[in-house]
Amino acid sequence: MNFEDRAPVGGVDYPRTFQEFRQWFPDDAACAAYLANLRWPEGFQCPVCGGDRAWQTSTRHWKCVACGRKTSVTAGTIFHRTRTPLSTWFAAIWLVTSQKNGASAQNLHDMLGLGSYETAWAWLLKLRRAMVRPERELLAGVVEVDESFVGGRATGRRGASTDKVPVMIAVENVGTQFNRKLRLGRVRLGVADSPGSTQLVDFARTTAEPGSVIRTDGARMFRVLGTEGFSHEYISGYSSPEPGHVTLPGPHRVASLLKRWNAGTHHYRVEREHLQYYLDEFTFRFNRRRSAARGMLFYRLLQQSVNTDPHPLYELTIRRPAHSPIDDNELESMPSNTFGEF
């Protein structure tokens with residue numbers, strides 16, 4: 001299975017069904033070989049000297065002929081120094097990507113029989129971190145930008161006066177079909193520090209390609225976009241006879257789907273500190289929602305996992321001191337409330 005610069009093919013580059021998945025990855029050796037093809041599609045490249053010749057040791061390391069450096073196929077990836085079998089990691093990724101709405105930590109724990117809930121929780125956090133490529137393409141065409149609120153408790157207050165978390169939304173409005181059904185393209189999501197701030201303007205300019213049409217509400221802070229290479233269109237919610245879901249239908253549709261996903265898959269148990277990771281997963285799924293092959297999502301996530309730097313758990317959690325790193329195996333001995341309610 002050599003991965004060239006072409007569109008991946010089901011049954012050739014990735015398994016199409018669970019039966020094929022089991023046949024392709026019967027053991028850790030098969031998983032390591034697959035990762036090697038994903039990490040070095042044009043052949044081995046030494047991370048130290050750049051050499052392209054190596055031989056494999058009995059411990060499944062690659063030893064560079066030029067400098068003698070031993071390199072693991074998992075080194076520098078999200079699997080860095082994991083002691084858990086790669087076959088278990090592969091099973092987790094297949095479960096996460098093969099289900100349309102994803103899996104919660106409890107689902108993963110129950111289905112894989114992991115030693116603790118915290119292990120499943122940490123794995124999902126690492127996988128979500130790999131779901132976003134830093135160099136991903138910007139949104140283009142007509143991009144609608146708005147803000148919504150998730151989480152918190154219903155107190156009868158609306159908008160910026162609530163204790164909910166403000167979420168910035170940018171989505172491509174592709175137009176309407178012959179049946180007048182709204183068509184949306186790709187989406188970008190981000191957590192805002194405070195509602196109604198200029199952070200939303202920065203979010204718009206960094207997620208949309210120059211020359212795009214950016215549609216917003218009538219807030220004056222957005223007017224600057226028209227002088228920065230964008231075509232800015234706005235509709236004041238106060239003067240418009242139409243409700244918000246009509247004037248800016250894209251963000252309203254995405255916000256509705258996001259809240260349903262949060263309720264159905266995670267049962268509202270998402271802490272603010274980790275919300276961005278969940279938004280990254282929602283973005284990953286939404287932008288690939290039309291993929292008929294679930295195996296393609298498995299392929300893409302693995303591809304991005306081997307190109308994502310390792311993230312020690314203390315970097316992903318809020319309540320762990322930065323000077324006290326831990327690994328997946330230490331999670332097994334942690335009390336169940338280490339990370340609080342989740």
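This is a predicted model: local features need pLDDT of at least 70, side-chain atom pairs count only at pLDDT 80 or more; totals for chains, interfaces and linings use all residues.
Two residues are in contact when heavy atoms of theirs lie within 4.5 Å.

The glycine is G250, which belongs to helix α8, residues 249-266. When neighbours within four places in sequence are set aside, G250 is in contact with E144, V171, L182 and L184. The relative accessible area of G250 is 0%, and because buried means under 20%, G250 counts as buried.

Attention now turns to a pair of helices. Two packed helices are described by the angle between their axes and by the distance between those axes. Helix α3 covers residues 86-98 and helix α10 covers residues 294-305; they pack at an angle of about 130 degrees, and their axes are 8 Å apart. The two helices are therefore oblique to each other. In passing α10, α3 makes a right-handed crossing. On the α3 side, F90, I93, W94, T97 and S98 take part, and they meet R294, G295, L297, F298, L301 and L302 of α10. Sorted by class, this contact has seven nonpolar residues, three polar and one charged.

Helix α10 also holds S305. Beyond its neighbours within four places in sequence, S305 is in contact with T77, I78, F79, L127 and A130. Is S305 buried or exposed? Its relative accessible area is 0%, so S305 is buried.

Methods. Residues are numbered from 1 along each chain as its sequence is written. Side-chain values use heavy atoms; hydrogens and water are left out. Helices (H or I, at least four residues) and strands (E, at least two) are DSSP runs, numbered from the N terminus. Buried means under 20% relative accessible area, exposed over 50%, partly exposed in between (1.4 Å probe, protein chains only). Axes are lines fitted to C-alpha atoms, for helices over the stretch in contact, and angles run from 0 to 180 degrees between N-to-C directions. Angles under 35 degrees count as roughly parallel, over 145 as roughly antiparallel, 65 to 115 as roughly perpendicular and the rest as oblique. A crossing is left-handed if the near helix is turned anticlockwise from the far one by less than a right angle, and right-handed if clockwise. Ala, Val, Leu, Ile, Met, Phe, Trp, Tyr, Cys and Pro count as nonpolar, Asp, Glu, Lys and Arg as charged, and the others, Gly among them, as polar.
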